[in-house]
Amino acid sequence: MRANCWLGRGEVEVRQVPDPQILNSHDAVIRVSKTAICGTDLHLYDGFVPTMMKGDVLGHEFMGEVVDVGHDVETLRIGDRVVVPFPIACGRCNTCLAGDYSLCENSNPNASLAEKILGHAPGGIFGYSHMLGGFPGGQAEYARVPFADIGPIKIEDDLPDERVLFLSDILPTGYMGAEFCDITPGDVIAVWGAGPVGQFAVASAFLLGAERVIVIDRFPYRLEMARDNSGAEPVNYEESDVREALLELTAGRGPDACIDAVGLEAHHFSHAAHSYDRAKQVTRQESDRPFALREAVRNCRNGGVVSVIGVYGGFVDKFPMGSLMNRGLTLRSGQCHVQRYLRPLLDRIRNGEIDPSFVITHRLGLDDAPHGFTTFRDKEDECMKVVLTP
Amino acid sequence: MSTQNSQQQFRDPQARQPGDQGERGGARGAVRPDALGSALGWFGIGLGATELGAPDLVARAIGADDSAVSRTLTRIFGGHKIAGGVGVLGSEQPGRWLWGRVAGDLLDLSALALVAARRRVTGAGLARPLLAVGSVVGVTVLDVIAARRHSRAEAPGHLVHARSSTTIRRAPQDLYRRWHDFESLPTFMYHLDSVRTTDGTSHWKIRGPAGRKIKWDARIVEDRPDELIAWRSVGRSDVRNAGTVRFRPAPGGRGTEVQVDLEYQPPAGAAGVALAKVLGEEPGQLLAEDLRRFKQLMETGEVVRSEASPTGSRPASRLLRQHPARPLGRA
Ligand SMILES: NC(=O)c1ccc[n+]([C@@H]2O[C@H](COP(=O)([O-])OP(=O)(O)OC[C@H]3O[C@@H](n4cnc5c(N)ncnc54)[C@H](O)[C@@H]3O)[C@@H](O)[C@H]2O)c1
Ligand SMILES: [Zn+2]
Ligand SMILES: [Zn+2]
């Protein structure tokens, strides 16, 4: 089959690889009908996530048709149409039973590698480095899905693929980011990053009852999408001072909760500040550039919540711990526990409360994946979200 | 998952339990002599037998007089050599017996010195005793080499202790029962080739590099249903070892805490080299991976595989040997 393979920093290529096969009795094999490129793939692409290996198949947002099942699979049959959540979870360990699926205790065969780097090991994720399991991803014609009874959700009605595909990751991720904020009536939420994840964080904050949502980015087309689709108030950090804008919009209180939907490759409007962290990153003194995170902490109101759904990989420098501690902030974070949100969010899609397909700007064939990566990374051609059809 | 490796005194792992006063003395297993050690053992038995059976021949060969005194002395030396040889070949601590041989060699040398001195006085030639001294010195050198090698292996400091623990969401009795079925341990203990049980003794086998087998027999030394199983190698084992697994309910209904302690004494010689290759630098990490697979097996019903680690979890140090994360293809 054809699959999009990681070859090194800034290099992916669609290659011929063997077809996947059942390795565990709870596996299913899916013929991929739609797959997408995520902001997380950009972190892998740009070489910021350790333990990638040349030839790894990328992709953790995918859906398709079941073509094979292991003999212990009970809920899926050949021919079922399913969306696959990006975290691989056993459903049987204490952590899965507590609903924290992305921290499954059994789904990461390379846990010892993750323990070396992170202290304790999170669960496995498709197409997302060896320390997170070494599982091939879904930017391919076929994919093996472990624990097929726990993850994939069957789509039984005629909802088009594009409406349900983002259940695999970015819709639940944005939703979890908003849920972390414990939104109560009157709350003002600020979201850093108007990428696809930021778009869904904004939309979810409104779904959960936020009074107002402020979105911060520098790309006008992204800010406009958040405004036009969800009613967010945009702040372009290249045009106005973020702190002043936030104070003004909240009459001096600061946002009740701040969501970081940017992650480790944040950009800084000041060339000097950007160069400082970039230099540290290059010389391996810090692995992540935390501009958005620093700003989210400093601007949050006293006692508020900072919700981190942007991905970080290692260490950050100049983290405003004093601000966090003295002002009693709560920090919440995590890879999304997608399985938790599949059913309720599918219901909201079915009810018409949200149509996630609004973020799609580019529809390409799988063979165009390398082009999709550069377009999405460089925000060319007003690119928001790339969907690939194998 | 928690893991530790340490090198320390060979003590009963059960004595390690905090608050547990029941020190039980050294664990007993047997270490076999390596090739040089056994050759020296057999050589001692052979020479000893000659000294016992034909003391006159021996006395003549070294140039001693054929007196009743020297015959008796030669017989005594012979008896000493046979006992030493048997000790080297059959005891649990061949190293000690090899040092015994070294002491015997020194006695031989002093006897030869007496013989030479006497011959010098009587004006007889020195060729024979000197030839004998030469051979005894050669043997002494070999004895010292073998003795040092063995006693290093037997030294208490060389013992390896590994401990690891995990929490499994199953009842202690399920885990106890599964572990008690020693024959199925290789399903999740990958360094084991097979375990067979016959009337109370289990026969364990590891396949080392180049198909070399490392074997030992073990017996259960303590068995508390649903709580603890302790086993220990017995008889002529390639590697002395002892292990304990404990099961205790985790607090707040979190399942069962499983803790394993292993202690083993790497054997000298080729078996030791083979064992080190199998167990690697960090036996504790290997044990941690065993427990990780045990947990997967007990919680999900199988060992979880990814394309990068198709056989299941492996220590981090083996990342370089991983496959890329892409389908494996039909074998
Ligand atoms: N937690 C999870 O489970 C999860 C799941 C999916 C994605 N993510 C992460 O979410 C983040 C966003 O993903 P995406 O797909 O939307 O990526 P994206 O690259 O499309 O979006 C990132 C946006 O952040 C903006 N940005 C950069 N620096 C900024 C700054 N200093 N202030 C404000 N905005 C800034 C960029 O202009 C861009 O629009 C990534 O880190 C991704 O890895 C996390
Ligand atoms: Zn993603
Ligand atoms: Zn789990």
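The C-alpha centres of domain 1 and domain 2 of chain B lie 43 Å apart. Domain 1 of chain B covers 5–27 + 159–300 and domain 2 covers 35–154, with bounds from an automatic or database domain assignment. This is a predicted model in which local features need pLDDT of at least 70, side-chain atom pairs count only at pLDDT 80 or more, and totals for chains, interfaces and linings use all residues. Residues are numbered from 1 along each chain as its sequence is written, chains are lettered from A and ligands numbered from 1 in the order in which they are written, and side-chain values use heavy atoms, with hydrogens and water left out.

**Residues around ligand 1**

- The shell around ligand 1 holds 31 residues, each with a heavy atom within 4 Å of the ligand.
- Thr40(A), His43(A), Asp217(A), His267(A) and Cys336(A) come nearest.
- By type, the shell has 16 nonpolar, eleven polar and four charged residues; Ala, Val, Leu, Ile, Met, Phe, Trp, Tyr, Cys and Pro count as nonpolar, Asp, Glu, Lys and Arg as charged, and the others, Gly among them, as polar.

**Where the shell comes from**

- Domain 1 (2–169 + 336–389) and domain 2 (171–333) of chain A each give at least three residues to the shell around ligand 1.
- At least two shell residues each come from helix 1 (39–45), helix 6 (196–207) and strand 12 (212–217) of chain A; helices (H or I, at least four residues) and strands (E, at least two) are DSSP runs, numbered from the N terminus.
- Helix 1 of chain A supplies the largest share, four residues.

- Polar contacts here are pairs of N or O atoms within 3.5 Å.
- A backbone N or O atom of Gly39(A) is 2.9 Å from an oxygen atom of ligand 1.

Technical notes: Polar contact = N/O pair within 3.5 Å; in protein donor to acceptor, adjacent residues only side chain to side chain.
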